[in-house]
Amino acid sequence: MASVHSLASTVQQRLADALSAALPEAGSTDPLLRRSDRADFQANGILALAKKLKGNPRELATKVTDALAAPDLLKDVEVSGPGFLNITLTDRAIIETLAARAADDRLGVPLKANPGVTVIDYAQPNVAKEMHVGHLRSAVIGDALRGMLDFTGEKTVGRHHIGDWGTQFGMLIQYLIENPGELAPADAVDGEQAMSNLNRVYKASRAVFDSDEEFKERARKRVVALQSGDKETLELWQQFVDESKVYFYSVFEKLDMEIRDDEIVGESAYNDLMPETARLLEESGVAVRSNGALVVFFDEIRGKDDQPVPLIVQKADGGFGYAASDLSAIRNRVTELDATTLIYVVDVRQSLHFKMVFETARRAGWLGDDVTAHNMGYGTVLGADGKPFKTREGETVKLEDLLDEAVERATAVVREKAEKIGLTEEEIVENGRYVGIGAVKYADLSTSANRDYKFDLDQMVSLNGDTSVYLQYAYARIKSILRKADDATPAAHPELELAPAERALGLHLDAFGELLTEATAEYAPHKLAAYLYQLASLFTTFYDQCPVIKPRPEQDVVENRLLLCELTARTLHQGMALLGIRTPERL
Ligand code: ARG
């Protein structure tokens with residue numbers, strides 16, 4: 001029996017190795033293998049190689065074909081066009097490689113050779129404010145990226161840079177001093193009560209602030225007290241933060257997402273660093289005084305009327321803002337957390353801010369050549385009408401209402417089939433949650449992050465098309481097949497001939513490791529989503545064309561097909577888990 005290359009090796013990798021071995025003089029030329037309609041793979045690398053060797057590509061292609069010595073691997077190699085190779089693999093090679101994949105817990109996904117530390121800034125709502133769909137995107141994309149990075153061996157540290165500082169706290173705290181008891185203690189409320197309290201206080205204090213000049217003045221003084229660390233003021237501020245966290249956690253829990261308390265490190269956490277950040281920038285000349293404020297200018301960054309847009313590090317009144325906090329956070333993340341990569345999952349409308357912050361940090365030497373900073377700016381969530389998502393009254397949609405509605409609709413979908421498969425009420429409720437939340441996450445993740453997308457619940461919970469529930473059903477269906485076939489277990493039979501649908505499914509499974517590595521390196525969860533969708537589709541075709549248990553084929557064929565079934569299920573499960581989406585066993 002031909003030896004299987006290695007557990008992590010794919011059939012595509014074996015092919016690449018065989019091609020390189022056929023032409024040792026070419027050194028390490030990439031054979032540029034692509035999946036192809038005409039054969040299993042097309043190798044396009046000969047063209048570039050011929051150019052390099054100053055030879056005729058078709059002749060070189062023929063030479064490679066003659067020298068290829070891998071009878072176990074290759075069924076057919078044919079030169080086509082100006083010098084492409086169309087390559088068909090043996091059925092044996094495909095099944096044997098998949099069998100090795102099945103024996104590997106990591107499904108053939110390699111670990112990164114030189115893992116670094118990625119600090120990922122995501123899920124950053126604002127204190128005393130309702131979360132909106134933008135915060136949903138940051139949380140969902142950040143969580144998925146983190147899952148993918150962790151799985152490929154990178155060390156990740158999360159930072160939830162919540163908006164917990166700023167002049168609005170003067171108003172809020174002053175109001176609370178004058179109206180004590182308006183906020184219940186954080187340990188006495190649930191998420192919903194916490195947010196409704198905060199909303200009430202926010203609205204009421206805003207109303208007094210806008211109508212009462214004297215209150216406004218007291219609120220302004222309160223900001224100063226807060227900034228100078230007055231004890232009573234800080235305690236009340238803390239109460240707002242704690243109450244908000246109760247609410248945040250309730251939303252994250254609804255989202256089926258784990259957020260660690262020690263990773264909630266908001267804007268205020270960098271207060272102590274900010275004066276030094278400003279001093280270092282001023283001393284090094286990176287920032288200059290302009291009308292009393294400390295600012296950084298950029299030749300290349302210009303706004304309206306071609307005027308240079310400065311980054312404001314410190315306002316003329318001495319106050320620090322968003323930029324100072326972000327600059328200080330960079331220093332902390334690089335020196336204290338040893339970050340080699342910084343990722344910010346933030347609305348694309350803040351991309352200019354990050355461009356200026358990164359450039360400033362580079363000039364100051366806080367971001368060296370060995371650290372990569374990347375702003376994953378995501379697009380806007382649109383309503384079904386293609387306009388920014390709003391309620392009919394024109395208000396921003398409450399995230400919680402949206403999630404509740406998604407779960408409600410999903411539960412109805414689940415309930416329809418529940419009786420047939422004998423789900424208990426408890427299972428229906430749980431599945432409804434997994435399907436509903438999965439639908440919301442998948443809709444977000446299956447679009448490239450920088451693009452806008454439509455929040456359309458009807459489409460999201462649809463059983464047909466590129467939705468999470470389609471993938472979840474594919475998974476549950478496979479699990480049901482595996483249960484029903486309990487007298488047969490998955491096993492490789494390399495001597496069997498494969499049907500086209502089996503080959504297509506097998507070759508797609510083979511590509512999982514490479515795809516995941518690529519999607520992770522590009523911070524592109526949508527590529528993983530697309531891969532999984534295609535996997536489910538190929539499975540559907542396979543299952544239509546290749547019976548597994550009904551009508552029952554010969555035992556060898558059953559076992560071989562069960563191997564494909566099981567590997568598909570595990571790959572779906574793993575891929576969805578990385579995206580933060582559950583795959584119920586029975587659906
Ligand atoms: N809280 C901000 C917002 O709601 C996002 C914070 C992004 N992270 C950062 N380091 N600036 O828009």
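This is a predicted model: local features need pLDDT of at least 70, side-chain atom pairs count only at pLDDT 80 or more; totals for chains, interfaces and linings use all residues.
Colleague: Why are S3 and S4 called paired?

Modeller: Two strands pair if DSSP finds at least two bridges between them. S3 and S4 have six, in the antiparallel sense, so they pass. Val79, for one, stands opposite Leu85 in S4. The hairpin has three residues between the strands, and Gly81 takes a positive phi near 55 degrees there.

Colleague: Is Gly83 buried or exposed, and how do you know?

Modeller: Buried means 20 or more other C-beta atoms within 10 Å of the residue's own, exposed means 12 or fewer, and partly exposed is in between, with C-beta atoms placed from the backbone. Gly83 has 23 such neighbours, so it counts as buried.

Colleague: And which residues does Gly83 touch?

Modeller: Leaving out residues up to four places away in sequence, Gly83 touches Ile46, Leu47, Ala50, Pro57, Arg58, Leu60 and Ala61. A contact needs C-beta atoms, placed from the backbone, within 7 Å.

Colleague: Take Leu463 next: buried or exposed, and why?

Modeller: Leu463 has 12 C-beta neighbours inside 10 Å, so it counts as exposed. Leu463 sits in the loop between helix H15 (457-460) and helix H16 (468-484). Beyond its neighbours within four places in sequence, Leu463 is in contact with Val469, Tyr470 and Tyr473. The C-alpha atoms of Leu463 and Tyr473 are 8.2 Å apart.

Colleague: What makes S5 and S6 a pair, and in which sense?

Modeller: Strand S5 (residues 117-121) and strand S6 (residues 155-159) share five bridges in the parallel sense. Ile120, for example, has Gly158 in S6 as its bridge partner. The chain crosses from S5 through H5 to S6, a right-handed β-α-β crossover. That name applies because, with the strands pointing away from the viewer, the path from the first strand over the helix to the second runs clockwise.

Colleague: How do you know which residues surround the ligand?

Modeller: A residue is near a molecule if its C-beta atom, placed from the backbone, lies within 6 Å of it. The residues around the ligand are Asp121, Gln124, Asn126, His161, Gly163, Asp326, Tyr344 and Val346. By class, that shell has two nonpolar, four polar and two charged residues. Ala, Val, Leu, Ile, Met, Phe, Trp, Tyr, Cys and Pro count as nonpolar, Asp, Glu, Lys and Arg as charged, and the others, Gly among them, as polar.

Colleague: What makes up the side of domain 2 that touches domain 3?

Modeller: The bounds, domain 2 (117-382) and domain 3 (399-579), come from an automatic or database domain assignment. 29 residues of domain 2 are in contact with 23 of domain 3. On the domain 2 side, helix H5 (133-151), helix H9 (231-254), strand S11 (372-378) and strand S12 (381-382) each give two or more residues. H5 gives the most, with 12 residues. That side divides into 18 nonpolar, eight polar and three charged residues.

Terms used: Residues are numbered from 1 along each chain as its sequence is written. Two residues are in contact if their C-beta atoms, placed from the backbone, lie within 7 Å. Helices (H or I, at least four residues) and strands (E, at least two) are DSSP runs, numbered from the N terminus.
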